[in-house]
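This report describes a protein model together with its ligand. Overall features come before local ones.

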Amino acid sequence: MNVYLDNAATTKLDPRILKAMMPYLSDKYGNASSIHSLGQQNNLVLERARGEIAGILGGEANGIIFTSGASEANNFIIRGLMRANRQKGKHLIVSAIEHPSVYQTAKLLVLEGYEIDFAPVTADGSVDLVALKRLLRSDTVLVSIMAVNNEIGSIQDLSVISKIVHKNGSYFHSDLVQAVPYLKINLQKIGIDLASLSAHKFYGPKGVGLAYVRSGIKIDPLISGGEQENGLRAGTYNLPGIIGLTEALRIAYAERASYLRQVKTLRGYFWQRLKTEIPGLKLNGSLKKRVENNLNVRFGRIEGEAVLMDLSMHGIQVSTGSACSAHNLKGSYVLSAIGLADYDLNSNIRFSLGRFNTKKEIDYTISVLKKTVARLRAFSPVK
Ligand SMILES: Cc1ncc(COP(=O)(O)O)c(C=O)c1O
């Protein structure tokens with residue numbers, strides 16, 4: 001049996017979304033910047049898509065800058081904003097559990113003379129608000145805190161954070177990649193100035209996402225050499241991708257209630273069986289403040305990598321953390337930030353459920369996992 005339980009890394013393209021993209025991969029191939037009718041028709045489609053996305057996210061259409069995904073959007077926002085606002089200050093704060101595309105980009109800015117602080121999180125993966133307030137300075141230009149963590153699925157209270165950040169006169173960026181459709185997003189109501197999204201996390205195509213930059217905020221261009229995206233990101237528009245992103249976002253929120261019910265029920269069943277049938281297994285983070293599709297567990301005494309490989313040989317695909325750490329055997333800094341001891345940092349598996357999973361698949365996973373864990377523990381030198 002094949003079981004895909006790595007939906008936080010990427011999701012399977014929804015056939016309805018592929019269908020919506022197809023005309024723009026074939027007959028409707030005009031460059032949306034061209035002046036002839038094939039181009040201008042596509043320009044209308046492009047701007048309609050921008051408007052539709054802005055409507056769903058409760059933001060301004062002209063604040064949307066289409067990108068190749070969220071790593072690009074995060075790089076663009078962190079660097080572009082800090083560089084364009086040098087006169088405001090040189091200090092930025094990011095949470096200790098940000099995705100590397102925020103975390104590492106912020107760290108690299110130190111080489112340019114910027115100063116960075118990492119906001120700590122509590123054991124349930126929530127940003128420590130008292131510590132955050134203490135870190136804010138008069139020259140803090142930007143605070144970047146993700147809506148939902150990619151490893152442990154912890155949810156932040158964005159409205160509260162946004163108020164704290166704005167009271168200080170700083171800009172608030174949130175990486176929303178793992179939040180669709182788990183959180184209802186209204187950029188203006190929540191008070192998010194800048195945001196990032198990626199279509200392939202919610203059944204859309206890979207290679208397309210967006211950066212959101214509220215009007216009036218100065219930001220340095222990402223790619224020069226063309227007038228696309230208000231001169232901030234040059235390059236021919238990826239219209240098939242943009243249509244895919246729009247359709248994926250529309251379906252995600254149109255079907256949100258039934259989708260959440262489905263993954264929550266399945267996750268509840270999975271968790272119940274995991275905690276009763278695998279001795280010593282523990283949940284990383286809190287069950288309450290996490291998105292409905294995520295379970296990140298630790299086994300103790302055995303390597304997460306070994307569990308992953310064994311499950312994979314049985315057709316079950318999971319992750320030890322983020323996909324981006326697949327080539328990096330260092331322990332997870334996210335799990336370290338929520339307080340796991342060093343000896344526990346390599347004994348974890350992230351299960352992330354999605355629309356196409358079934359109860360039968362969960363039953364199969366439990367039966368394989370029980371044998372895997374028992375066998376690896378029998379070999380383990382740590383008793
Ligand atoms: C929270 C978060 N931010 C950013 C990214 C990067 O997204 P992309 O694959 O579109 O570059 C990911 C992908 O794993 C993610 O989980």
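## Overall architecture

Of the 383 residues in the protein, 58% are buried, a term that denotes under 20% relative accessible area, whereas exposed denotes over 50% and partly exposed the range in between (1.4 Å probe, protein chains only). The model is predicted: local features need pLDDT of at least 70 and side-chain atom pairs count only at pLDDT 80 or more, while totals for chains, interfaces and linings use all residues. Residues are numbered from 1 along each chain as its sequence is written, and side-chain values use heavy atoms, with hydrogens and water left out.

The protein contains 12 helices and 12 strands; these are DSSP runs numbered from the N terminus, with helices being H or I of at least four residues and strands E of at least two. Its radius of gyration is 21 Å, which agrees with the value near 21 Å for a compact globule of 383 residues; the radius is taken over C-alpha atoms, and the globule rule is 2.2 Å times the number of residues to the power 0.38. Along the principal axes, the C-alpha atoms fill a box of roughly 65 × 55 × 35 Å.

Among contacts with a separation of 6 or more, 73% join residues 24 or more positions apart, a contact being heavy atoms within 4.5 Å. Carbon and sulfur atoms supply 55% of the accessible surface of about 16,300 Å² (Shrake-Rupley method, 1.4 Å probe; for residues, only the protein chains shown count as cover).

An N or O atom in the side chain of His-200 is 2.9 Å from an oxygen atom of the ligand. The protein buries 88% of the 390 Å² that the ligand exposes when taken alone.

## Asn-149

Asn-149 is located in the loop between strand 5 (140-144) and helix 6 (158-167). Asn-149 has a relative accessible area of 1% and is therefore buried. A polar atom of the Asn-149 side chain lies 2.9 Å from the backbone nitrogen of Ile-152.

Neighbours within four places in sequence aside, Asn-149 is in contact with Ile-97, Ser-154, Gln-178 and Val-334.

How values were computed: A polar contact is a pair of N or O atoms within 3.5 Å; within protein, one must be able to donate a hydrogen and the other to accept it, and residues adjacent in sequence count only if both atoms are side-chain atoms.
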